[in-house]
Amino acid sequence: MPKESEGGDGKLKVLALHGYRQNADTFKAKLGSFRKFVNKYVEFVFVSAPHTAAPLEAGGAPDPNQRSWWFNKEDRTFKGTNQGGPAYGFDESLRLVEKTWQTEGCHGLLGFSQGACFVGLLCDLSARGMTTMKPQFAVLASGFRSGSLVHVNYYENKIELPSLHIFGETDEIITKDMSEALSETFLDPEIVTHAGGHYFPAQASLKETYVEFFRDQLQQYLEAKELANATEANSFHIEEPTELETPRQHSESDSDSD
């Protein structure tokens with residue numbers, strides 16, 4: 001079930017997709033400081049992936065709290081650097097995210113690591129009209145292009161969507177060049193780097209960047225909504241007259257005689 005943070009009127013709803021071996025609750029906790037930065041503008045919706053990740057140690061018991069959006073190796077594990085593999089479980093995750101998006105009435109997407117990879121795929125699907133989701137913007141932290149064979153053609157066209165890409169200069173799990181490659185699939189990406197590794201940064205020096213991005217997206221949303229409401233209020237529909245309302249034609253018997 002989706003997990004939602006504190007909400008309020010006049011905010012954007014953002015669907016947040018966690019990384020591999022995370023879940024809705026752990027991702028929400030890791031974004032604590034970040035959420036406080038942008039709380040004035042954003043309400044986050046957190047959802048857990050439908051698949052349980054394989055145990056870290058061979059022969060160990062799976063931890064139901066460690067989730068995965070899909071698996072890109074034949075042994076049903078996932079690794080961001082893997083190329084040419086499958087995408088086991090992707091369709092099920094897509095259906096879950098689409099359902100959550102519609103139920104919650106979301107406006108944008110945010111993802112970390114595998115979740116950011118998923119966000120990139122969702123944006124491409126939306127651009128091609130292949131999903132019911134219509135994100136207005138996307139935030140991708142430690143993202144990368146999917147190497148699964150079924151996703152190869154997802155990156156052929158530039159995505160015309162406001163996007164914020166965040167990644168670490170010293171990330172050894174998803175390297176800087178992998179995140180840069182994903183950002184290049186967007187038409188005009190905004191890029192934020194930090195000196196650290198594989199995590200979602202929330203230091204004070206980045207607060208204004210985050211606030212400005214979401215403030216701009218909220219402003220655009222509210223302006224578009226106001227315009228749509230005004231257009232609807234000013235529109236009118238002219239009904240065609242029915243047969244009974246059609247002016248009666250003069251017949252011979254109605255005419256004045258000579």
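**Note on the predicted model: strands, helices and aromatic contacts**

1. Strand β8, helix α5 (residues 176-183) and strand β9 form a β-α-β unit that is right-handed. A crossover is given this hand if, with the strands pointing away from the viewer, the path from the first strand over the helix to the second runs clockwise. Helices (H or I, at least four residues) and strands (E, at least two) are DSSP runs, numbered from the N terminus.

2. On the basis of these remarks: the model is predicted, so that local features need pLDDT of at least 70 and side-chain atom pairs count only at pLDDT 80 or more, while totals for chains, interfaces and linings use all residues. Residues are numbered from 1 along each chain as its sequence is written, and side-chain values use heavy atoms, with hydrogens and water left out.

3. Strand β8 covers residues 163-168, and six of its six residues are buried. The term buried stands for under 20% relative accessible area, exposed for over 50%, and partly exposed for values in between (1.4 Å probe, protein chains only). Ser163, His165 and Phe167 point to one side of β8, whereas Leu164, Ile166 and Gly168 point the other way; all are buried.

4. β8 has a parallel partner in β7 (residues 138-141), with four bridges between them. Two strands are said to pair if DSSP finds at least two bridges between them. Within this pairing, Leu140 has His165 of β8 as its bridge partner. β8 also pairs with β9 (residues 190-194), again in the parallel sense, over five bridges.

5. Helix α6 runs over residues 207-234; its 28 residues reach 40 Å from the first C-alpha to the last, close to the 40 Å expected at 1.5 Å a residue. The expected span of a helix is 1.5 Å times one less than its number of residues. Tyr210, Val211, Phe213, Phe214, Gln217, Leu218 and Tyr221 of α6 are buried. The elements that cover the buried residues of α6 include β2 (12-17), α2 (32-38), β3 (42-47), β7, β8 and β9; contact here means heavy atoms within 4.5 Å.

6. Helix α4 has 14 residues and reaches 20 Å from its first C-alpha to its last, close to the 20 Å expected at 1.5 Å a residue. Of these 14 residues, 13 are buried, so α4 is largely enclosed by the rest of the structure.

7. Rings of Phe, Tyr and Trp (its six-membered ring) pair if their centres lie within 6.5 Å; planes under 30 degrees apart count as stacked, over 60 as edge-to-face and the rest as tilted. By this rule there are 19 aromatic pairs. One of them is the tilted pair of Phe90 and Phe118, at 5.4 Å centre to centre and 55 degrees between the planes. Phe90 lies in helix α3 (residues 90-104) and Phe118 in helix α4 (residues 114-127), so the pair ties together parts that are 28 residues apart in sequence. Phe90 and Phe118 are both buried.

8. Phe200 and Tyr210 form a tilted aromatic pair, with 6.2 Å centre to centre and 45 degrees between the planes. This pair links distant parts of the chain, with Phe200 in the loop between β9 and α6 and Tyr210 in helix α6, 10 residues apart. Phe200 and Tyr210 are buried. Both belong to one aromatic cluster, formed by Phe27, Phe34, Phe44, Phe46, Phe112, Phe137, Phe200, Tyr210, Phe213 and Phe214.

9. Two arginines lie over tyrosine rings. The charged end of Arg76 sits over the ring of Tyr88, 4.4 Å from its centre, and Arg128 lies over the face of Tyr154, at 4.8 Å from the ring centre. The criterion is that NZ of Lys or CZ of Arg is within 6 Å of the ring centre and within 35 degrees of the ring normal.

10. Positive phi values also occur in residues other than glycine. Arg21, in the loop between β2 and α1 (24-30), has phi near 70 degrees and is partly exposed, with a relative accessible area of 22%. Ser113, in the loop between β6 (108-112) and α4, has phi near 55 degrees and is buried, with a relative accessible area of 8%.

11. Gly32 is part of helix α2 and counts as buried at 18% relative accessibility. Its C-alpha is separated by 8.8 Å from that of Ala202, although Gly32 and Ala202 are 170 residues apart along the chain.
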